[in-house]
Amino acid sequence: MKYEIGISGAVIVSAHNRYRPFIGSVGVSGDRIAAVMEGKLKKEDCEVWLDADGKILMPGLVNGHCHGDMTLARGLGDDLTLLEQNHKFADTGWFYTLIEDEDRFYSRQLTYCEALLSGTTFIMENMYWGLGGDSVRAMKEVGIRGALAEDVRVDFQRPDEFISEQFLTEFIRVCRENGLVPVLGGISEEDYDTERLKRIQAIAERHKILLTCHLAENTWRQDIVKEKYHVPAIAYLHQNRLLNPGVIGSHVVYASEDEVQQLAQTDTKVVNTPLCEMKIQDGIAPIPEMVKQGVIVCLGTDGAMWNNSNDIFREMKGMSLLHTIHKGIRSLKKTDILDMATINGAKCFGLENDYGTIEAGKKADFILIETRAPHMQPMLLGKMETVTSALIYNATGRDVTDVFVDGRQVVADGVLQTIDVKDVMEKVQKVSEKIGRALSS
C-alpha cells in the first residue's frame, strides 16, 4: 500500500499503549491514519515522505476552554483577581464598547494561530459575544479543529433573554457542516435560578448538543449559591438533576469529596485551567481526587486575559507541579497528565473514537516535537524512558515543528501554512493599542 503521507522514524507516544514510547512510523491516507508500525518507512512507499528522526510524534493537544475574544487584551488584567477585573472593566462591558466585531474576529484568529503553532489541534472557543458565521470562518481559515460554545444569552448581562431557536438551529447546522462541534454556553453562579437552568438544559437536550458552563470557579461565586440555596454549586446542580454526561464544567476549583463523587456518578466532564487558576488566585482544584474517582478531566488555558499563554505544554507542567506541592509527589502520574492533554480532551467532546491516540483508523491529527535541543536532552527509551518526562517538564509549544489536522500539514517546520500570521498580529496590535489608550485616558 502506498501512503499519501509517511512520517518515518519518530518516537511515537500515545495513550493506546499507555504512553510506552517506541521508534515507529505513521502512514496517512486521506484524513485518516492508515497504519502505525515500528521501525521506519521507505520513501517509495509514500507519495510524501517526512524524516522524523529525532522527533516525537504524539496526538494533537486539546484545549477544552479558551476565550479567544480576550487575546486582544493580553496583559491588561495582570495583578487582578477576576472579581477585581469585573469591577475595573464593567464600564466598557469588558472592552465591548471599545472594539468592533472585526477586532474580535482577528483576536480569535491570533489565538488559533498561537494554539496550532504550539501543538493544539482542537480548541473550544467560549464566545463572549457571538460572531455568527464568522465564528466558524475564524477557525476554518486558520485550519484548527474545534468546538464553538455559543452563549445561550443574547447578552451575558441579561440572563433571561435567550438566543432564538432559529439562530441556534442555524448555528448548529453551520458548525456541523464545517466539521466543528456546536456547544451551548450556560451561565455562571451569579445568575443561577432553578427554572432558568432547567430551561437551558432543555434547550441543549432538544438540540442534542453539549452544554458548558463556568462551575465552582471561585469563592465569591460559591458564596452566592450558598446564600441563595444553602448548598455549594455542584451539590445544587446535582440536587436538581442538572449534571449529566453532556455537561462540561470549566475550572471546577471548589468541589468537596461528595461533589467529586457526584461529578463521577453523573459522568460530568471537567476542564481545568491550572495556570489561570493560579494567576487570578482562584484556587487549587481537587484534580487528584477527581482522577481517582474516574472523572474525565482535561486541560484548558482560559483566555489570554487570565493566563497570557495558550500553550497546553505549559498547562501540563503547571498541573503536575501544582498538585505535587499541594497533594504530594505522586498525587498525579505522568500518564494522568498526558491523558488530560489528549484522549480525555477527545472524550470530553465525545470524539474519542476519532481522536486522541495514534492508531490506525483514527483521524490524522498529530504533531511532531523537536528533541535535538539542549533542554530536551538526554532522552532515553526502554524501561527507564524519559520521553514522557520531557513532554511534561521540558517541552513547550515552541518545540513543535509540524502539525497535521485531517491529514493536512497546517504547520511545516514551525511555519503556519494557512494564513499570514504577521498580518493577524499587526491587526490585533492596533486593537490592543486602542484599548490601552482608552483605559489610560
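**View 1. Lining of the second largest pocket.** Helices α2 (101-117) and α15 (421-440) each contribute at least two residues to the lining of the second largest pocket in this predicted model. Helix α2 provides the largest share of that lining, with four residues. The volume of the second largest pocket is about 380 Å³. Its lining comprises 16 residues, and those nearest the centre are Cys113, Glu114, Leu117, Ser118 and Arg398. Sorted by class, the lining has six nonpolar, five polar and five charged residues.

**View 2. The largest pocket and its lining.** The largest pocket holds about 660 Å³ of space. It is lined by 30 residues, with Tyr128, Arg153, Phe156, Ser188 and Arg221 closest to its centre. At least two lining residues come from each of α1 (82-88), β8 (145-151) and β10 (210-215). The lining of the largest pocket is made up of 10 nonpolar, 12 polar and eight charged residues.

**View 3. Helix α11 along its length.** Helix α11 spans residues 312-327, 16 residues in total. The distance from its first C-alpha to its last is 22 Å, close to the 22 Å expected at 1.5 Å a residue. Buried positions on α11 are Ile312, Phe313, Glu315, Met316, Gly318, Met319, Ser320, Leu322 and His323.

**View 4. The two ends of helix α11.** At the start of α11, the side chain of aspartate 311 places an oxygen within 2.9 Å of the backbone nitrogen of phenylalanine 313. Phenylalanine 313 is also among the buried residues of the helix. Just after α11 comes glycine 328, which has a positive phi of about 120°.

Conventions. Residues numbered from 1 in each chain as written. Predicted model: local features only at pLDDT ≥ 70, side-chain atom pairs only at ≥ 80, totals over all residues. Heavy atoms only, no water. Expected span 1.5 Å × (residues − 1). Buried < 20%, exposed > 50% of the residue type's maximum accessible area, 1.4 Å probe, protein only. Polar contact = N/O pair within 3.5 Å; in protein donor to acceptor, adjacent residues only side chain to side chain. 1 Å grid on protein atoms, 1.4 Å probe; cavity = no way out; pocket = protein on both sides within 12 Å on 5 of 7 lines; lining within 4 Å. Points joined across faces, edges and corners; volume = space filled by probe spheres on them. Nonpolar A, V, L, I, M, F, W, Y, C, P; charged D, E, K, R; others polar.
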